[in-house]
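Subject: Structure for your files

Hello,

Here is the structure I promised to pass on. My notes on it follow below.

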Amino acid sequence: MEFNDSLSIGMDDFTNHENMVIPDELPMMAVRDVVVFNYMIIPLFVGRPSSVDAVNSSQDGDKLLMLVTQKDATRDNPEPEDLYDVGMVCMVMRTLKLPDGRLKVLVQAVAKAKIKEYVSTDPHFQVKIDVLQEVEVEDVNVETEALIRTVREQTEKIMSLRGILSADLMMIINNIEEPGRLADLVGSNLRLKITESQSILEELDPIKRLQLVNELLTKELEVSTVQAKIQSDAKEEMSKSQREYFLREQLHALQKELGDGDERGQEIDDLMRKLQKTKMPKPVRKEAKKQVSRMEMMHPDSSEATIIRTYIDWILDVPWKKGSKDRLDLKAAKDVLDADHFGLDKVKERILEYLAVRKLNPSTKGPILCFVGPPGVGKTSLGQSIAKAMGRKFYRLSLGGMRDEAEIRGHRRTYIGAMPGRIIQGLKIVNSNNPLFMMDEVDKIGSDYRGDPSSALLEVLDPEQNFEFTDHYMNMPFDLSKVMFITTANRTDTIPGPLLDRMEMIELSGYTLEEKVVIARKYLLPRQIKENGIKGRHLRLTDETIQYIVTHYTHEAGLRNLERELGKICRKVARKIAEGGKGPYSITRNTIDRYLGPPKTIPESELETLYQPGLVTGLAWTEVGGEILQIEVNIMPGKGKLTLTGQLGDVMKESVQAALTYCRSRVQDLDVKEDYFDKHDLHVHVPAGAIPKDGPSAGITMATAIYSAITGKKVAKCLAMTGEVTLRGRVLPIGGLKEKALAAVRAGINKVIIPEQNKKDLVEIPSEIRKTMKFFPVKDMDEVVQIAFSTTKKKEKKA
């Protein structure tokens with residue numbers, strides 16, 4: 001909305017037509033983009049044939065013409081429904097015919113009227129009208145006078161902010177005392193929307209009309225004030241920048257006269273010298289020189305110069321051709337790996353194989369490995385040992401919770417605060433182009449509207465693509481084929497398929513009790529003794545005590561909680577030494593509770609196990625290692641209802657249904673009547689109801705428990721089982737056999753039923769477990785039932 005110069009039109013030249021007689025029927029002309037108010041004198045260009053004919057018709061009569069506004073200005077041939085009903089009766093004062101056939105007319109509004117009826121629409125609109133009489137204001141009270149003054153003051157402020165204030169203009173406004181005339185005069189010069197102007201025109205009460213104009217003036221004054229402030233601030237900032245520029249130029253001139261030298265030129269020379277010394281590919285060097293030349297042409301205090309300088313620094317700091325030399329002595333590498341980690345023979349063998357290949361073929365690409373295992377088994381620390389054994393720099397990157405693709409590929413330099421991704425940042429930190437990159441928690445990457453980091457990793461972890469990895473910030477390819485990438489995960493089912501396909505999976509299972517005791521004695525306890533400031537002579541801890549700590553104070557596949565418990569013992573000993581004690585302090589099974597409190601867990605082997613029908617022990621595999629599951633089934637008289645409790649997942653619920661179907665198909669073997677299942681309810685429960693449970697390996701356990709509950713037979717003691725069952729009773733293979741075997745050992749179980757197709761996995765189980773545990777490979781449920789309820793233990797196989 002703006003004021004225009006037409007505010008001064010027509011007050012002195014206005015002809016009084018208050019006593020004019022206006023006919024009931026007049027020619028009518030539609031106007032676009034303007035609403036004509038009372039007392040206005042306005043020039044119009046008339047081009048439409050119907051409008052020209054309407055003007056000519058008015059000239060033949062009393063020169064009166066009805067003007068109304070179109071609702072839609074784009075309509076060239078409006079219909080009656082496209083026009084407003086209320087408009088102005090105008091006197092055609094002058095007409096001028098233009099060479100192109102159009103007319104230029106000068107009209108003066110004389111009365112407000114409303115269209116009553118359209119008499120004709122061709123060749124022009126002929127309408128019947130009712131002249132609208134405004135409400136007379138008999139006496140101007142205090143409120144009306146205040147409103148008039150407010151409108152005058154706001155009009156003056158707006159014109160002052162716009163720089164169009166004149167004394168003549170304000171004199172005209174100040175001389176108008178009638179509210180209606182003031183509202184029309186001010187409203188006609190506010191550039192309003194057509195709907196807003198029409199609402200002012202249609203208001204017949206002068207006071208209400210003036211109030212409406214006042215509201216619009218208030219809104220315009222706020223907008224004009226903010227606009228003026230913005231312009232003032234911009235002008236001040238510009239003046240400040242110009243002043244600072246002149247002062248700096250004067251300072252540079254003074255420094256030059258004093259012989260202090262040109263700092264800018266020295267900075268450019270330093271960058272060029274660094275550029276010549278740094279080894280980098282030719283395209284990178286060419287781009288760097290180009291950016292230095294651009295920076296030289298810019299003012300040093302401009303924001304663009306700062307961005308370019310940061311970019312040049314990154315180019316100089318990235319190790320394009322700087323790497324560490326691999327230690328290819330296989331015996332020395334093996335000694336380093338054995339010194340840092342106990343066991344883990346498969347991983348160590350794979351690293352030594354890579355070093356052997358590097359020794360024979362120096363140009364071979366770096367492997368991309370993925371260590372999968374429960375928390376605390378040493379995945380990350382193993383990566384550090386590998387880097388140490390190979391003589392490479394080590395960099396760890398956590399991917400857990402990462403949701404922004406720019407974390408991998410970097411930001412484009414068009415953004416404020418842009419920087420390279422974590423890959424390039426890591427290379428800069430280690431200052432080597434062939435480090436060992438440890439990417440933790442690859443199974444916990446997220447994604448949102450900012451992109452999918454796992455998709456960005458496809459290029460990083462693909463040996464066929466990563467030799468030309470392009471970071472968005474650097475915008476130049478970097479060879480990642482020399483980098484050795486190792487990722488870690490607790491599980492593989494949450495890793496996207498394409499990403500999983502690019503990595504070589506190496507599973508790190510949990511440790512046996514014997515392995516934990518050895519690791520605690522050889523690695524964990526010495527480390528905690530050193531960290532807590534005590535000496536080895538201050539503490540005596542037997543292997544039997546360590547074994548008791550493992551079984552009664554921890555319940556894990558890894559070693560983190562075990563190290564915490566050992567650290568707690570060392571801290572209490574350290575306190576005694578600091579208080580004047582001399583030691584040594586011997587810790588046994590009888591005194592351990594003074595240091596660690598009462599036992600936190602009770603081994604399954606020490607729990608009182610009920611030996612009765614319907615109870616079967618199953619084995620499960622979770623992301624924190626193997627676990628045992630106690631399956632309970634109870635049968636009651638009823639109507640064949642099946643109840644499942646214990647927070648079972650969908651897969652486990654389907655296993656129960658399949659197991660029940662198998663049992664119903666063996667009615668004769670169960671020695672029950674045909675309608676037995678219709679007259680009895682089954683309740684299947686898996687204890688620890690607060691813990692959700694799911695997985696496909698509990699099928700034969702469910703079927704055996706139902707079979708045992710129906711027949712009343714007890715399952716053999718110290719027996720556990722794992723395997724999925726089909727409707728026909730076939731036993732399907734499962735995963736995580738080693739973890740499940742470790743869980744069975746912790747629970748004191750020495751017999752395990754496994755699927756026949758898992759016999760090949762027995763070689764992965766530690767030899768000490770295979771010596772003490774018997775495995776029963778089975779093909780179908782008939783064999784499971786035979787072994788579970790047999791006293792002769794047929795088909796028993798000692799691995």
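Is Phe-677 buried or exposed? Phe-677 is buried, because its relative accessible area is 5%. Buried means under 20% relative accessible area, exposed over 50%, and partly exposed in between (1.4 Å probe, protein chains only).

Before the rest, the basis of the values. This is a predicted model, in which local features need pLDDT of at least 70 and side-chain atom pairs count only at pLDDT 80 or more, while totals for chains, interfaces and linings use all residues. Residues are numbered from 1 along each chain as its sequence is written, and side-chain values use heavy atoms, with hydrogens and water left out.

Aromatic pairs

Rings of Phe, Tyr and Trp (its six-membered ring) pair if their centres lie within 6.5 Å; planes under 30 degrees apart count as stacked, over 60 as edge-to-face and the rest as tilted. That rule gives eight aromatic pairs. One of them joins Tyr-118 and Phe-125 edge-to-face, at 5.8 Å centre to centre and with 70° between the planes. Tyr-118 is partly exposed at 23% relative accessibility, whereas Phe-125 is buried at 9%. Tyr-676 and Phe-677 also form an edge-to-face pair, with 5.5 Å between centres and 90° between planes. Tyr-676 counts as buried, with 14% relative accessibility. A cluster of aromatic residues is made by Tyr-395, Phe-437 and Phe-485.

Salt bridges

A salt bridge here is a side-chain nitrogen of Lys or Arg within 4 Å of a carboxyl oxygen of Asp or Glu. The count is 41 salt bridges. Asp-76 and Arg-32 form one at 3.0 Å, N to O. This pair links distant parts of the chain, 44 residues apart: Asp-76 is in the loop between S3 and strand S4 (86-97), and Arg-32 is in the loop between S1 and S2. Helices (H or I, at least four residues) and strands (E, at least two) are DSSP runs, numbered from the N terminus. Asp-76 is partly exposed at 47%, and Arg-32 is partly exposed at 33%.

A salt bridge also joins Lys-116 to Asp-130, with the closest N and O atoms 3.7 Å apart. Lys-116 is in strand S5 and Asp-130 in strand S6, 14 residues apart. Lys-116 is exposed, at 52%, while Asp-130 is partly exposed, at 35%. Lys-112, Glu-134, Asp-184 and Arg-209 are linked in a salt-bridge network.

Helix H4

Asp-184 is also among the buried residues of H4. Nine of the ten residues of this helix (residues 179-188) are buried, so H4 is largely enclosed by the rest of the structure.

Backbone

The peptide bond from Asp-122 to Pro-123 is cis, with omega near 5°. Pro-123 is in the loop between strand S5 (103-120) and strand S6 (125-131). Asp-33 has a positive phi, near 60°, and is a residue other than glycine. Asp-33 sits in the loop between strand S1 (25-31) and strand S2 (41-46) and is exposed at 60% relative accessibility. Lys-63, again a residue other than glycine, has phi near 65°. The loop that holds Lys-63 runs between helix H1 (49-60) and strand S3 (64-69), and Lys-63 is partly exposed at 36%.

Regards
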